[in-house]
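Colleague: I want to check the labels on this model one by one. Can you set each value against its cut-off?

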Amino acid sequence: VNDVLSAATPIVGEVDALDLTLVEAIRRFCPLIYHELRNRPEEFIEDNRPKFFSEASNSGAYFKNLHEQIDPLPRSDAIHAILCLLFPKYAKERPGMAAIAASSFRPSDSDRTSRAKRICVSEYFRVYFRGTVPEDMFSETELRAILSDLNSSKEETEVGRIFESALRSLSPASPKRADFVWKLSRIVRNLNPVIAEYLAYTIAAHSSEYAYDQINVGEAASALNIVFEVAQTVSATHAGRVLENAVARASDDTFAARVLQFTDLEKRSRNEVLWNYSTVYPDKLQEAFMERMRSRYGGPDRADIGISHGDWQAFRRWVGNSDRDSMIEQDFWRAFIGQSRKNLARAIDFLYPGGNVIWPEDPRPLMERFFPLAEMRRLLRELPDDEDLCDAEEKALSRMVDLLLGKYREGPHSW
């Protein structure tokens with residue numbers, strides 16, 4: 001008991017109490033296996049979040065060797081039972097009553113294990129062995145304080161202030177900030193429904209501050225899940241309205257586009273958060289997205305908007321909607337380019353990216369919809385060459401010249 005109390009004092013509320021008790025029992029009575037756990041976390045962790053650890057080896061071979069170490073030890077049955085209770089991955093490799101009891105007694109799905117802060121979740125594993133919250137983790141104590149502040153809020157502006165203060169207190173693109181947004185996504189259901197809806201709109205309004213990845217992971221994915229979690233909470237009455245308002249308020253194209261992407265009819269099976277679409281109306285959501293793009297890039301201040309928070313897929317979806325939208329989009333690029341050859345290069349790099357991008361078919365019809373190629377040819381010829389261009393900008397201009405001659409990178413895969 002003293003061992004457990006000593007270990008628990010610095011991390012109370014940060015871990016699962018039963019898991020901590022079992023880990024301390026292993027540490028006290030079987031230090032050999034305790035050190036194996038501590039030094040080989042990748043072998044015991046099985047979840048779908050980004051890993052802090054090395055890649056696991058062949059689990060069957062590893063656990064066979066581990067069983068051979070445990071079997072000769074005193075209380076080996078108890079050790080096996082404890083490991084089954086702690087790690088669902090271990091229980092799968094150890095058939096028997098202990099594994100069956102563990103799976104019945106301790107649910108192993110990723111959602112509930114994360115909410116319970118169990119050792120089998122990679123983010124929490126480290127806390128059990130360090131005896132303190134790592135610097136790159138957002139503590140449960142801080143999270144509970146934010147939850148209390150949010151639930152005490154009366155207005156959307158107050159919710160925005162609380163979230164903004166927490167977000168901006170953490171370094172951009174840092175592990176701790178990613179952990180904060182992820183943990184916030186796990187407690188949305190503990191918020192008053194009205195406050196949760198305010199939070200969804202605040203999350204969208206701050207979407208230009210998140211770090212994005214080509215695949216939907218990290219803090220941007222967690223922020224998106226908050227919107228979906230809120231929509232699911234009110235799905236019986238107005239999930240669609242939540243999504244439409246989030247899209248309208250999104251300050252980043254990628255965020256807005258992914259709301260649509262993960263609610264499209266053919267992609268809904270990939271959305272593990274929102275599953276009730278009875279009050280989601282695709283036509284209204286699509287129109288909310290289009291109106292956002294028109295307002296953002298077609299308004300009187302379009303020349304000042306820039307493209308730092310633009311998204312190629314969002315532009316492609318927009319110009320494919322109607323001829324009117326394509327014309328608005330083209331006017332944006334005319335204002336953006338002006339008389340600057342440098343801005344022309346930046347526009348080309350956005351619309352017709354280089355790098356490893358390959359095209360399964362001639363991209364010129366799509367580029368024509370983005371911006372008239374005859375006008376592009378004229379700009380390449382007439383814009384003054386009086387600005388210093390970086391290497392990427394020079395390559396963009398050359399790439400467009402090649403495209404106008406019918407030369408482009410062909411391949412079997414598209415964006």
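Colleague: Why is Gly 310 called buried?
Modeller: The model is predicted, and its computed value decides. Gly 310 has 19% relative accessibility. Buried means under 20%. Therefore Gly 310 counts as buried.

Colleague: Where is Gly 310 found, and which residues is Gly 310 in contact with, leaving aside its neighbours within four places in sequence?
Modeller: Gly 310 is in the loop between helix H19 (302-305) and helix H20 (312-319). With neighbours within four places in sequence left aside, Gly 310 is in contact with Asp 253, Tyr 297 and Phe 350.

Colleague: How far apart are Gly 310 and Arg 28?
Modeller: They are 282 residues apart in sequence. In space, C-alpha to C-alpha, the separation is 55 Å.

Colleague: Now Ser 340. Buried or exposed?
Modeller: Its relative accessible area is 12%. The cut-off for buried is under 20%, so Ser 340 is buried. Its place is the loop between helix H21 (323-337) and helix H22 (341-351).

Colleague: What makes the pair Ser 340 and Glu 387 a polar contact?
Modeller: Their side chains are joined at 3.1 Å. The limit is N or O atoms within 3.5 Å, one able to donate a hydrogen and the other to accept it. So the pair counts as a polar contact. The side chain of Ser 340 also reaches the backbone nitrogen of Lys 342, at 3.3 Å. Leaving aside neighbours within four places in sequence, Ser 340 is in contact with Leu 383 and Glu 387.

Colleague: How many cavities of 30 Å³ or more does a search of the whole structure find?
Modeller: One. The largest cavity has a volume of about 30 Å³.

Colleague: What makes the lining of the largest cavity nonpolar?
Modeller: The lining is Leu 351, Met 367, Phe 370, Phe 371, Met 376 and Met 400. Leu, Met and Phe count as nonpolar. So the lining divides into six nonpolar, no polar and no charged.

Colleague: Which residues have the most contacts inside the largest nonpolar core?
Modeller: Phe 180, Phe 255 and Trp 333, in a core of 90 residues. Helix H15 (residues 218-233) gives the most to this core, with eight residues. Apart from this core lies another, of 33 residues, among them Leu 20, Leu 83, Tyr 124 and Val 127.

Colleague: And what is Phe 255 in contact with, leaving aside neighbours within four places in sequence?
Modeller: The partners of Phe 255 beyond those neighbours include Ile 203, Tyr 210, Leu 224, Val 227 and Ala 250.

Notes
Residues numbered from 1 in each chain as written. Predicted model: local features only at pLDDT ≥ 70, side-chain atom pairs only at ≥ 80, totals over all residues. Heavy atoms only, no water. 1 Å grid on protein atoms, 1.4 Å probe; cavity = no way out; pocket = protein on both sides within 12 Å on 5 of 7 lines; lining within 4 Å. Points joined across faces, edges and corners; volume = space filled by probe spheres on them. Helix = DSSP H or I, 4+ residues; strand = E, 2+ residues; numbered from the N terminus. Buried < 20%, exposed > 50% of the residue type's maximum accessible area, 1.4 Å probe, protein only. Contact = heavy atoms within 4.5 Å. Core = buried A, V, L, I, M, F, W, Y, C linked by side-chain atoms within 4.5 Å.
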